[in-house]
Every structure is written in C-alpha cells, then in structure tokens.
Amino acid sequence: MNWLQIARERKEELLTELQQLIQIESVLDEEGASEDMPFGKGPLDALNFMLKSGEAAGMQVKNVDQMAGHIEMGEGQELLGILCHVDVVPVGAGWTYPPFEGRIVDGKLFGRGAIDDKGPTMAAWLAMKMVKDSGIPLTKRVRMIIGTDEESGFRCVERYFEKEEMPTIGFAPDADFPLINAEKGIAHLIFSQKNKPSADEALLSFAAGKRTNMVPDVAEAKLATISQQGATNFQKFLLENEAEGSLISEGNEYIITVKGKSAHAMEPEKGLNAAVLLAKFLTTELTGSGLAFVQFIADVFGKDHFGTALQLNYRDEMSGETTLNPGIIKFDANGGVIEVSMRYAVTYSFEEKMTSVQQLLLKTDFTLDVASNSAPHHVPEDDELVQTLVGVYQKYTNDFSKVLSTGGGTYARVLNKGVAFGMLFPGEADVAHQKDEFVDIDNLITAAAIYAEAIAKLASK
Ligand SMILES: [Zn+2]
C-alpha cells in the first residue's frame, strides 16, 4: 500500500472534516454543564460529530455517559486503542485568524485545537478509514477512543475505563514524534511547618505561586521590621542575582517583592523561582519560625532542582533526573506550607524515598504529606509496539532520532500499554495552547500515512 499517496488523494476530505471539528467550540463549560452535558455543550457536540462520522463510515460507535466514546472496526480478541481528545483549551487573546474557523494560509490550517488534538485526531481518523477501505483483513479490533475532558483532568477517560475494555496495546497521537515511551511519575508533596509562629515574629506573611505545576514568577513577603542594613542589603542582593524587586514601607509593614521567571514544573531549570530567591534574601533578615521557613526553602530548593538536600535525588538513563518544583509557597499566622510538584524518574523507589524523607524531617520543623501520586508510565524500547511504531515513523521521515521521555504526563499514561506517538515532528514549533495555533498540512498528511501503516501493521498478521 502506498499510504502517502492515498492520504494525499483524500486531502480535501481530511481538511474539510478538520475544519468542521474546529468550528465546534469544544471548551469546557462548567457553568453550562449538566448530567446530559457533563463538560458543557461544545465538548459533547465534538464527540457526537466524531461518532456520527464513524457511523457514516460503517463502523461501530459507542457513547459512554456523554463524556467519551469510541469508533471501532475489525475483528479479533485483541484490541488496538488510538486515544484522542476533542476538547480544547480556552482561546486567549491576540489571534490573527479566527480561532474557530480553520482558515488555511500558506500550507497551514489555523484554529484552536489544530495541533492539540483535533488535527492529530483527524489524521488518525483518516488513517482508520484508509485501512478499512484498503480491505486489508484485520486480526485485531481497532478502536479510536475519544475523550472530551483531556485538558481539565481526564474525567472523560477515567469514566470510560471504569466501563469499557482496556486496549491490549495502544498509542495516543497527542504529543511528539518519534515516540514517547517513558513518562516520569508525578507527585504532589506538601511540606508543612510544625510550630506556629510567635506573636513577635518579624515575618508576617509570604506568598508565591498559585499552581504546583508552574515555577512562581513573583513572590511577596510582609515584614514587621527590617534590619538597619535591610534596604541596602536587598539592593545588593538583587544586583548579585540579576533580579528585579522592590522594598517599600506601608503603614507599619515592609513589603518586599521579587520577580523571577515562569516555566513548567517539568523543567524547573528553565525558570527562576521567585519564592526561592526571596527566601534566600530573607535568611539574613529573620529569626524564629520565619527563619526556619526561609532557611528550609533555601536549603532544600535553593541549591539544585533535584532535592539533593533531602536525598530525594535520583536519575535513570531512560527518563533523566528527578526534579522538584516548589510552586505554591505560603506563610501566615499558622506557619509555612510549601507545595511541590515532583517529577520522578521511571525506576524511582517512591515509597521508600518518602519514608526516609519523613524520617529525616523528624529533626526539623517540617512534616511531609503526599497529596497525590501518579505512577510513572513506561513501555520498554525493545517492545514490539515501540519497535513497530518507530519503524513506520522512520520509513516515512528518514529521521532516526531516539525515542523520548517526558516529565509531563501525556494522554498515553491512561493506557496499560500505550505510548504517545506524534504528531508534532522534531524541530516543529509547539503552538499547542497558544494564540494562532496551527497544523502544517503536509505534516498532517504524512501523519495520516504513518498512522495508517501503523494500524495495518499492528492489527493484521
Ligand atoms: Zn492534548
């Protein structure tokens, strides 16, 4: 089969269906949500659009509680899953082209969801139709599973897999080519101060960050007093650290602000944590609980991103370093709390490490709670699934880059044995969640050919 040629011949069909899907404003609408529309009207309309298209192509379709659904073809015991989502993030400002139109300019199709994940969904959908129309006998069932809440918490697939069969193998076209086979574990850790501050504490409050998955770009502390040299030392500190900030007095308070640089928690080294910076400065200004709080931050998060001070550090070959991002940092009359997003390597001994940290913390003013933990996800590189998908990708691209690992979670982690497979090609700008999101039309067609050959290879034998 010349899948590339077939995909090219069906380009109009691909683009028309993608435009129709983009025109459905499938942003989560909690206020408009009801039992019949659990995520609002848009996400449900987008799901129904796909299921109708599946029916028209003569395939089996199923709607699971208006939250997710599937389109299935083929026969056999085993099931190949293709996991996609049709919900999109809100539009935001600054678009050159209408976000819900699907306008084509210079070989690119623009619109919210073009690359995340409506374009890849449509490439995979055309691939399924191409395989069906080819008449190749399938020995596995092939099922496209369509979620409508990927962007806000995976409630769609959680419900889906409570009720429906887990695929034997699968892939999610919702990330990068060549393929992501290793995803770090993601844990939400909370460090809390044991002792309440005394009434004559100099540190009144400290606040930075709203989400654990971002590096805080601004931090603010309020102090009842500062040292005589405080203001001068602060200016010196800013200069030394090439940082911006301010110190002002208001009533009987001193307000100190420091600016950093935001980044995603999976790559804390790309940002500059404003809270850590401010804490470092305050170690020379405070005593008592306030000092214990800022000293802990400076010691644990100020030297590296790996948690070395608490012996949390660990790396492995396939997924790299374990990293910690203190994303929400607070101090008030109840003491200090530091909420951390931890991204740990695939072979990390999580339980063991947590127990030993808790032991280590006994001697300090802090306790540790694990608020949530999502285990790492991994399919070995020499597994047939990975080998087959990478082989197909290489055939169409002549690109022999290594398989990837990520500290972020992809949609594939809900599959027992699944990987993220495209459709962002190496070197392409990642415009997901940004203004003027687009998909390159040639890449869309190549991806459809890759997915078609992958389905044919994995589901027939
Ligand atoms: Zn996505």
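Two strands are taken to pair if DSSP finds at least two bridges between them. In this predicted model, two bridges join β4 to strand β5 (residues 108–110), and the two strands run antiparallel. Within this pair, I104 stands opposite L109 in β5. Both strands belong to an open sheet of three strands, ordered β4-β5-β24, in which the pairing is antiparallel. The edges of this sheet are formed by β4 (104–105) and β24 (438–440), each of which pairs on one side only.

Helix α2 lies across β4, β5 and β24 and runs at about 20 degrees to β5. Helix α11 also packs on the sheet, where it touches β4, β5 and β24. The direction of α11 makes about 65 degrees with that of β24.

The crossing of α10 and α11 is right-handed. On the α10 side, the residues that meet α11 are L385, T388, L389, V392, Y393, K395, Y396 and T397. Their counterparts in α11 are T446, A449, I450, E453, A454, K457 and L458. Sorted by class, the contact of α10 with α11 comprises nine nonpolar, three polar and three charged residues.

A second open sheet is formed by eight strands in the order β13-β14-β12-β11-β17-β18-β10-β19, and its pairing is antiparallel. Strands β13 (244–250) and β19 (366–374) are the edge strands, each pairing on one side only. From one strand to the next, the twist averages 20 degrees. Within this sheet, strand β11 (residues 203–208) is joined by three bridges to strand β17 (residues 323–332), and the two run antiparallel. The bridge partner of F206 in β17 is F331.

Helix α9 (residues 350–361) lies across β10, β18 and β19 and runs at about 165 degrees to β19.

Strand β14 (residues 253–259) contains I255. This residue counts as buried because its relative accessibility is 9%, the cut-off for burial being under 20%. Leaving aside neighbours within four places in sequence, I255 is in contact with E220, A221, K222, S246, L247, I248 and E250. The C-alpha atoms of I255 and Q229 are 16 Å apart in space, and the two residues are 26 apart in sequence.

The charged side chains were then examined. Side chains of opposite charge can pair when their charged atoms come close. The structure holds 25 salt bridges. One of these is formed by K129 with E17, the closest N and O atoms being 2.7 Å apart. Since K129 lies in helix α4 (residues 118–134) and E17 in helix α2 (residues 11–22), the pair ties together parts that are 112 residues apart in sequence. K129 counts as buried, at 9% relative accessibility. E17 likewise counts as buried, at 13% relative accessibility.

A salt bridge is also formed by E164 with K62, and here the closest N and O atoms are 2.7 Å apart. E164 lies in the loop between α5 (155–163) and β7 (169–172), whereas K62 lies in strand β1 (residues 60–64), so the pair ties together parts that are 102 residues apart in sequence. E164 is buried, with a relative accessible area of 15%. K62, by contrast, counts as partly exposed at 37% relative accessibility. Both residues take part in a network of salt bridges that links K62, E72, R141, R143, E164 and E165.

The side chains of E267 and K270 meet in a further salt bridge, with an N to O distance of 3.2 Å. E267 is partly exposed, with a relative accessible area of 28%. K270 also counts as partly exposed, at 48% relative accessibility.

Methods
Residues are numbered from 1 along each chain as its sequence is written. This is a predicted model: local features need pLDDT of at least 70, side-chain atom pairs count only at pLDDT 80 or more; totals for chains, interfaces and linings use all residues. Side-chain values use heavy atoms; hydrogens and water are left out. Helices (H or I, at least four residues) and strands (E, at least two) are DSSP runs, numbered from the N terminus. Axes are lines fitted to C-alpha atoms, for helices over the stretch in contact, and angles run from 0 to 180 degrees between N-to-C directions. Contact means heavy atoms within 4.5 Å. A crossing is left-handed if the near helix is turned anticlockwise from the far one by less than a right angle, and right-handed if clockwise. Ala, Val, Leu, Ile, Met, Phe, Trp, Tyr, Cys and Pro count as nonpolar, Asp, Glu, Lys and Arg as charged, and the others, Gly among them, as polar. A salt bridge is a side-chain nitrogen of Lys or Arg within 4 Å of a carboxyl oxygen of Asp or Glu. Buried means under 20% relative accessible area, exposed over 50%, partly exposed in between (1.4 Å probe, protein chains only).
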